[in-house]
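Student: I would like to learn how to read a protein model step by step, beginning with the overall layout and ending with single residues. Could you take me through one?

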Amino acid sequence: MKSLRLTGRKLTERNRLIDSREMQCCARCGVEIWNNGSRHHRKLRSRGGGDEVSNGVLLCGSGTTGCHGWVHAHPDEATALGLIVSRWANPADVPLLHVLYGWVLLNDEGTATPAPTI
Ligand SMILES: [Zn+2]
């Protein structure tokens with residue numbers, strides 16, 4: 001399946017939904033983010049992950065620094081936290097440990113709902 005790629009106004013709107021859900025904070029450590037963060041693809045783009053809001057989290061740093069860098073440097077730990085999702089999973093179905101909300105499922109409308117307890 002072709003992965004979703006957004007550009008222009010649609011990408012801006014997708015980023016706004018993610019940043020708003022995160023309340024302009026890093027989803028992992030909670031630091032306030034204005035221009036010192038980036039949006040991580042939970043299902044990595046190299047695994048076919050797309051630009052769905054449910055697949056994006058706002059993290060401090062870049063792909064090599066801050067929490068965004070930590071995720072890519074620690075894939076096993078990041079997977080246990082739901083920050084990395086397998087190529088076969090739908091990110092909307094995989095719980096994420098969010099610094100503001102606890103264990104949640106992310107949806108494409110830009111909100112987070114409590115993850116069902118196992
Ligand atoms: Zn952080």
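Predicted model: local features only at pLDDT ≥ 70, side-chain atom pairs only at ≥ 80, totals over all residues.

Student: What radius of gyration does the chain have, and what would a compact globule with 118 residues have?

Tutor: A compact globule with 118 residues would have a radius of gyration near 13 Å, and because the chain has 13 Å, the two agree. Along the principal axes, the C-alpha trace spans about 35 × 35 × 25 Å. Of the 118 residues, 32% count as buried. Among contacts between residues at least 6 apart in sequence, 48% join residues at least 24 apart.

Student: Which strands pair with S1, and in which sense, parallel or antiparallel?

Tutor: Strand S1, residues 37–41, pairs with strand S2, residues 56–60, in the antiparallel sense over five bridges. To see one of these pairings on the screen, look for glycine 37, whose bridge partner in S2 is cysteine 60. S1 is also mostly covered, since four of its five residues are buried.

Student: How should I look for a core, and which residues have the most contacts inside the largest one here?

Tutor: The general idea is that in soluble globular proteins, nonpolar side chains tend to be buried together. Here the largest nonpolar core has 17 residues, and those with the most contacts inside it are Cys26, Val57, Leu58 and Leu59. The elements that give two or more residues to this core are S2 and helix H2, residues 66–73, and S2 gives the most, with four residues. If you leave aside its neighbours within four places in sequence, cysteine 26 is in contact with Val31, Ile33, Gly37, Leu58, Leu59, Cys60 and Cys67.

Student: Which residues of H2 are buried, and what do they pack against?

Tutor: An α-helix has 3.6 residues a turn, so residues three or four places apart point the same way. In H2 the buried residues are Gly66, Cys67, His68 and Val71. These buried residues pack against S1, S2 and helix H3, residues 75–80.

Student: What is the order of the strands in the open sheet, and which of them stand at the edges?

Tutor: The open sheet has three strands in the order S3-S4-S5, with antiparallel pairing. Strand S3 (96–98) and strand S5 (112–114) stand at the edges, each with a single partner strand, so one side of each is left without a neighbour in the sheet. Neighbouring strands of this sheet are turned by 55 degrees against each other on average, direction ignored. Three bridges join S3 to strand S4, residues 102–106, and one place to look is histidine 98, whose bridge partner in S4 is glycine 102.

Student: Where are methionine 23 and glutamine 24 found, and what is phi for each of them?

Tutor: As background, most residues other than glycine have a negative phi. Methionine 23, in the loop between helix H1 (8–21) and S1, has a positive phi near 55 degrees. Glutamine 24 lies in the loop between H1 and S1, and its phi is positive as well, near 60 degrees.

Student: Are these two residues exposed or partly exposed?

Tutor: Methionine 23 counts as partly exposed because it has 14 C-beta neighbours inside 10 Å, whereas glutamine 24, with 12 other C-beta atoms within 10 Å, is exposed. The cut-off matters for this step, because a residue is called exposed if 12 or fewer such atoms lie within that distance.

Key. Residues numbered from 1 in each chain as written. Buried ≥ 20, exposed ≤ 12 C-beta atoms within 10 Å, placed from the backbone. Pairing = 2+ DSSP bridges. Core = buried A, V, L, I, M, F, W, Y, C linked by C-beta atoms within 7 Å. Contact = placed C-beta atoms within 7 Å. Axes fitted to C-alpha atoms, helices over the stretch in contact; angles between N-to-C directions. Rg over C-alpha atoms; globule rule 2.2 N^0.38 Å.
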